[in-house]
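My notes follow in the order I looked things up.

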Amino acid sequence: MATITVPAHQKGDVLVDYEDKKFEDVKAAPGEKALVTFHTVAFEGSIGLVNLLQASRLIQKGFETSVLLYGPGVTLGVQRGFPKLGDEAFPGHLNFNNRIEKIMADGGKVYACRFALQALYGHGEGALIPGIVPISPLDVLDIVLLHRRDNAFILDTWTL
């Protein structure tokens, strides 16, 4: 039988050098924009939350940041709670809602496709987190093209 000679990790131990940053801390130039698109289902993996955190980081770096929820991505923007809306059924249950509300409070804009909202997921505009702007499905491509035209940073988030 193998003998373990290394002590077990303890709370507060540091396992990696998290202070060793290799690249400059990039900041947005005045007027620079960013768009983060979501075509992913809420709670199906970590990418939805991770890239909402990236959207917050882009705001902190000075980018005029927009978030686009389309296809299954609209599920990130619906109001949640159990047993009532706003009630957190378990720790982390409202992570998406809380992060989207923070993005908007910090000046970011959040858009949700009306087609996906109704035709795919059976929700009306009233199901969205207050402050999210519902858009036509014809606007989904145009918001991407407008950001491309403006040389914006675009982070696409989608999973199958």
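I call a residue exposed when its relative accessible area is over 50%, and buried when that area is under 20%. The model is a predicted one.

**Entry: Asp17**

I began in the segment before S1, where Asp17 is found. Is Asp17 buried or exposed? Its relative accessibility is 56%, so Asp17 counts as exposed. I then checked what its side chain reaches. The Asp17 side chain comes to 3.2 Å from the backbone nitrogen of Glu19. It also reaches the backbone nitrogen of Asp20, at 3.3 Å.

**Entry: the sheet**

Next I traced the strands. Five of them form an open sheet, and the order is S4-S3-S2-S1-S5. The pairing is parallel. Which strands stand at the edges? I found S4 and S5 there, each with a single partner strand, so one side of each has no neighbour in the sheet. On average, neighbouring strands are turned by 20° against each other, direction ignored.

**Entry: S1 and its partners**

I looked at S1 (33-39). Five of its seven residues are buried, so the rest of the structure largely encloses S1. S1 pairs with S2 in the parallel sense, over six bridges. Lys33 stands opposite Glu64 in S2. Ala34 stands opposite Thr65. Leu35 stands opposite Ser66. On pairing with S5, I counted six bridges for S1, again in the parallel sense. There the bridge partner of Leu35 is Ile154. I kept one general point in mind while reading along the strands: in a regular strand the side chains alternate between the two faces of the sheet.

**Entry: S2 and S3**

I moved on to S2 (64-69). How many of the six residues of S2 are buried? Five are, so S2 is largely enclosed by the rest of the structure. From S1 the chain crosses through helix H1 (residues 47-60) to S2, and this β-α-β crossover is right-handed. S2 and S3 pair in the parallel sense over four bridges. I found Lys109 in S3 as the bridge partner of Ser66. A right-handed β-α-β unit is made here too, by S2, helix H2 (residues 95-105) and S3.

**Entry: Asn97**

I stopped at Asn97, which lies in helix H2. Its relative accessible area is 5%, so Asn97 is buried. What is Asn97 in contact with, leaving aside its neighbours within four places in sequence? I listed Val78, Gln79, Arg80 and Ile129.

**Entry: helix H4**

I finished with H4, which spans residues 137-149. Ser136 caps the N-terminal end, with a side-chain oxygen 3.0 Å from the backbone nitrogen of Leu138. Which residues of H4 are buried? I found Val140, Ile143 and His147. Seen down the axis of H4, the buried residues fall within an arc of 75°, so they line one face of the helix. I then turned to the face directed away from that buried side. The exposed residues there are Leu138, Leu141, Arg148 and Arg149.

I also asked what the buried residues pack against. They pack against S1, S2, S3, S4 (133-135) and S5 (153-158). After H4 comes Asn151, and I noted that its phi is positive, near 55°.

**Entry: summary**

I keep this picture of the model. The sheet is open, with five strands in parallel pairing. S4 and S5 stand at its edges. Both S1 and S2 are largely enclosed by the rest of the structure.

Conventions. Residues numbered from 1 in each chain as written. Predicted model: local features only at pLDDT ≥ 70, side-chain atom pairs only at ≥ 80, totals over all residues. Heavy atoms only, no water. Buried < 20%, exposed > 50% of the residue type's maximum accessible area, 1.4 Å probe, protein only. Helix = DSSP H or I, 4+ residues; strand = E, 2+ residues; numbered from the N terminus. Arc of directions from axis to C-beta. Contact = heavy atoms within 4.5 Å. Polar contact = N/O pair within 3.5 Å; in protein donor to acceptor, adjacent residues only side chain to side chain. Pairing = 2+ DSSP bridges. Right-handed = clockwise from strand over helix to strand, strands pointing away. Axes fitted to C-alpha atoms, helices over the stretch in contact; angles between N-to-C directions.
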